[in-house]
Amino acid sequence: MLDLVLSSVEQGVLTLTFNRPERLNAWTDAMGRRYFDQLAEAEKDPEVRVIVVTGAGRGFCAGADFQTLNAIQDGSYEGEPDRRPTTFPATIGKPVIAAVNGACAGLGMVHALVCDLVFTADEAKWTTAFARRGLIAEYGLSWILPRLIGQARAMDLLLSGRTFTGAEACELGLVNRSVPRENLLEEVRAYARELATHSSPASMAVIKRQVWGDWNRTLEASESAAVRLMADSFRRPDFAEGVASFVERRAPGFPPL
């Protein structure tokens, strides 16, 4: 079970790698539990400032494992899904960046898009797939997609279930950046190291909570909350260090979260 998601930390960046390459990292209950456990552990680890999530081999995550889907269909499914919601990465106080290296389908697409930032290989194959399997827009994707790319484009991807490339995902505004596959992890880790070095962990945690939480707020409510949060930030050591490092023209030494 421990090998289902590989982990390594370097320069404040934790890389988590889905590790079922022979199945294009298709999702299982066990892999999901391990992934969420590692996210929870990373949140408590002061060494970790940014989290990168990718897949081993040719896929990021090809969706739910077909053995699971077959068991659900014939009534023999006895699995125990994790009780934490699929949106769990959005609740982690550290930035989570998806590095979509290959096949990203169905549930795998959901897991990519509940990360805070998404980089993809140009050649990666994306698809919602649900309508072509007799399913529906799962786990909040009907909420996330229209907010990312607009209703018309979301309807296209959900109703057609068509396959599209990482390059098109970038054109649609679904992801932050699309790059050649061979450069993907290098670019993602360089970006992650930039965050780990120059951005306050406390600030990133609050900003992440604001962005995910403010989607359902009015502008007035968001502004009012921001005033309170700004007052809190003035009292943190991160503020003093951020100003001092700018004035002294040096890299900041922000405390861990």
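I looked up Cys115 first. Its sulfur lies 9.5 Å from the closest cysteine sulfur, that of Cys104, which is too far for a bond. This is a predicted model: local features need pLDDT of at least 70, side-chain atom pairs count only at pLDDT 80 or more, and totals for chains, interfaces and linings use all residues. Residues are numbered from 1 along each chain as its sequence is written, and side-chain values use heavy atoms, with hydrogens and water left out.

I noted that Cys115 is buried, at 4% relative accessibility. Buried means under 20% relative accessible area, exposed over 50%, partly exposed in between (1.4 Å probe, protein chains only).

How many disulfides does the structure hold? I found zero, taking a disulfide as a pair of cysteine sulfur atoms within 2.5 Å. Cys61 is in no disulfide either; the nearest cysteine sulfur, in Cys104, is 7.4 Å away. Cys61 is buried, with a relative accessible area of 0%.

Next I turned to helix 10, residues 237-247. Helices (H or I, at least four residues) are DSSP runs, numbered from the N terminus. Which residues of helix 10 are buried? I listed Asp238, Glu241 and Ser245. They sit on the same side of helix 10, because they cover an arc of only 65° around the axis. The arc is that of the directions from the helix axis to the C-beta atoms.

I checked what covers these buried residues, and helix 8 (201-214) is included. The face turned away from the buried side of helix 10 carries exposed Phe246 and Val247. Last, I noted Arg249, which follows helix 10 and has a positive phi, near 55°.

Conventions:
Helices (H or I, at least four residues) and strands (E, at least two) are DSSP runs, numbered from the N terminus. Contact means heavy atoms within 4.5 Å.
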